[in-house]
Amino acid sequence: MTAQAAAGQAAAGELAGRVALVAGATRGAGRAMAVELGRAGALVYVTGRTTRERVSEVGRPTETIEQTAELVTAAGGTGIAVPTDHLEPAQVKALIERIDREQGRLDVLVNSVWGGDRLIEFDTRLWDLDLDNALRMFRLGVDTHVITSHFALPLLIRRPGGLVVEVTDGTAAFNRRYRGSLCFDLTKNAPHRIAFGLAAELAEHGGTAVSLTPGFLRSEEMLDHFGVTEETWREAVAQEPHFAIAESPALIGRAVRALAADPERARWTGQSLSSGQLAKEYGFTDTDGSRPDCFGYFEDVVFGGKQATAADYR
């Protein structure tokens, strides 16, 4: 990669001519990945359920796919917002047909649909869970990914070198530990297996499939939870000491951009990756110039008892 990209800034035109679909780009990691792909010159279709006219069940009306598309364009790419419920096969089919009709290609597919945080019941036994919420979580975090890939992959494999990114929560290694709620645990482990399986199926077409997770993400919703902003986020460390290792959404955005721009990305296919791992590999940093290693910190310090601080892992 260029020195500019290594510093965390996309080289102008690095992904010019590439077409990406970021499914679930309304906010958080999805929005950041779309923006960073745009910063490198890609044309990015951004989808989600919250628009300026309609709010999804997540209930955050100030974050819309139109805003995301505008941010992509402002960053240097071309953002196109398409309202889509990825649980509705007909809507996803129409989306892909539109991309085919307008662009005739798809180079990058990012499956980042989620919206299930409000449904998680930590420290609650399976038999005490709200079953409707648990099954809805599966639908939002697993079914959406399968439906989207079913329709998108025939377009993506027309050209060799396509990239599929399955976004999840926790690396495969980190998720060997129980995530505190059975349905959440299952939902967030499924993308690892989806990527593993797609890597095998895409191999003959020259495609790459990976699962990718951020670390402790400073999403809009997480900042609101702690009553802080991106500028004042360190004030939340008093409430939650482990928040000291938190990373901005830009880090996973830069991870996806680096993968998309890497002509040798096939070496990653089938693997579980993290934003911190790829920051080290490709040399980019978070917005503050740090390179947080969330999963190293949790493994060594939180679970392993090592005498160290989050600062030692930034």
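Please keep in mind that the model is predicted.

Let's begin with the sheet. Strands of a sheet pair through backbone hydrogen bonds, and the pairing can be parallel or antiparallel. Here the pairing is parallel, and seven strands make up an open sheet in the order β3-β2-β1-β4-β5-β6-β7. At the edges you will find β3 (78-83) and β7 (272-274); each has a single partner strand, so one side of each is left without a neighbour in the sheet. From one strand to the next, the twist averages 20°.

For a look at one pair, turn to β5 (residues 163-167) and β6 (residues 208-213), which run parallel and are joined by five bridges.

Now for the helices. Helix α5 (residues 131-156) packs on the sheet, where it touches β1 (19-23), β4 (108-111) and β5. The direction of α5 makes about 180° with that of β4. Helix α6 (residues 182-202) also packs on the sheet, with β5, β6 and β7 as the strands it touches. Its direction makes about 165° with that of β6.

Finally, the pocket. Rolling a probe the size of a water molecule over the atoms shows where empty space is left. The second largest pocket has a volume of about 180 Å³. Its lining consists of G48, R49, T51, R54, V55, S56, E57, P83, T84, D85 and Q91. Sorted by class, that lining has five polar, four charged and two nonpolar residues.

Technical notes
Residues numbered from 1 in each chain as written. Predicted model: local features only at pLDDT ≥ 70, side-chain atom pairs only at ≥ 80, totals over all residues. Heavy atoms only, no water. 1 Å grid on protein atoms, 1.4 Å probe; cavity = no way out; pocket = protein on both sides within 12 Å on 5 of 7 lines; lining within 4 Å. Points joined across faces, edges and corners; volume = space filled by probe spheres on them. Nonpolar A, V, L, I, M, F, W, Y, C, P; charged D, E, K, R; others polar. Pairing = 2+ DSSP bridges. Helix = DSSP H or I, 4+ residues; strand = E, 2+ residues; numbered from the N terminus. Axes fitted to C-alpha atoms, helices over the stretch in contact; angles between N-to-C directions. Contact = heavy atoms within 4.5 Å.
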